[in-house]
Amino acid sequence: GLYKAYSLFFVIGTLLATRVPPVGLSPFKSLEQLSALVTFIGLQVLATAAWKCNGLKVEIMSPKGRQILIRHVAIAFVLVVAVCVALFPTGWFGPLSSRVRGLFLKH
C-alpha cells in the first residue's frame, strides 16, 4: 500500500540523491524539501500506531485506538520540535530559495 510505496520511494530516492555531489544533504536542510521528510515521518508514526493496535487487537478508529494514535502523534511531534529547536540555531536549515521568495514579491 501507500506505506510501503512511499517508504521505499523516500528511502531509496533520498539515499541516491544524497550521493550526487551538488545535492548533498539538501533533502534534510532545504525548507522546500522538508515536506517529503515530514510526510515520511507521519507515515512511520501512523504505521507504528497501527502495529501497536494490531498487537493489542484494537481497531485504530475505536476510542482506545484513537488514544494510541494520539499518543504516538504527540510523542513524534515533541521529538520533531526538539530536533528542530536544537538544529535551528546551528544554521542547519537553509533559507528559502529565491524561487520561493519570488512568489511573495509584488510584480
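# A conversation about patches, a pocket and loops

Reader: Which residues make the nonpolar surface patch of about 390 Å²?
Author: In this predicted model, the patch of about 390 Å² is formed by Leu 8, Val 11, Ile 12 and Leu 16.

Reader: And where is Val 11 found?
Author: Val 11 belongs to helix H1, which covers residues 2-17.

Reader: Is Val 11 buried, partly exposed or exposed?
Author: Val 11 has a relative accessible area of 43%, so this residue is partly exposed. The partly exposed range runs between the limit for buried residues, under 20%, and the limit for exposed ones, over 50%.

Reader: How far is Val 11 from Glu 32, C-alpha to C-alpha?
Author: Their C-alpha atoms are separated by 18 Å, and the two residues are 21 residues apart along the chain. Glu 32 sits in the loop between helix H2 (26-29) and H3. With a relative accessible area of 31%, Glu 32 is partly exposed.

Reader: Changing topic, what volume does the largest pocket have?
Author: The volume of the largest pocket is about 170 Å³.

Reader: Which elements give two or more residues to its lining?
Author: Those elements are helix H3 (34-55) and helix H4 (63-87).

Reader: Which residues line the largest pocket, then?
Author: The lining consists of Phe 28, Leu 34, Leu 37, Val 38, Ile 41, Val 80, Val 83, Cys 84, Leu 87, Trp 92 and Phe 93.

Reader: Where is Lys 29 found, and is Lys 29 buried, partly exposed or exposed?
Author: Lys 29 lies in helix H2. The relative accessibility of Lys 29 is 31%, so Lys 29 counts as partly exposed.

Reader: One more lysine, please: what is phi of Lys 57 near?
Author: Phi of Lys 57 is near 60°, which is a positive value in a residue other than glycine.

Reader: Where is Lys 57 found?
Author: Lys 57 is part of the loop between H3 and H4.

Reader: Why does Lys 57 count as exposed?
Author: Lys 57 counts as exposed because its relative accessibility is 76%, and exposed means over 50%.

Terms used: Residues are numbered from 1 along each chain as its sequence is written. This is a predicted model: local features need pLDDT of at least 70, side-chain atom pairs count only at pLDDT 80 or more; totals for chains, interfaces and linings use all residues. Side-chain values use heavy atoms; hydrogens and water are left out. On a 1 Å grid over the protein atoms alone, a cavity is a set of points where a 1.4 Å probe fits but cannot get out, and a pocket is an open set with protein on both sides within 12 Å along at least five of seven lines; lining residues have an atom within 4 Å of a point. Grid points are joined across faces, edges and corners, and a volume is the space filled by probe spheres set on the points. Helices (H or I, at least four residues) and strands (E, at least two) are DSSP runs, numbered from the N terminus. Patches are made of residues with over 30% relative accessible area and no salt bridge: like charges are joined within 9 Å, nonpolar side chains (Val, Leu, Ile, Met, Phe, Trp, Tyr) within 5 Å. Accessible areas come from the Shrake-Rupley method with a 1.4 Å probe; for residues, only the protein chains shown count as cover. A salt bridge is a side-chain nitrogen of Lys or Arg within 4 Å of a carboxyl oxygen of Asp or Glu. Buried means under 20% relative accessible area, exposed over 50%, partly exposed in between (1.4 Å probe, protein chains only).
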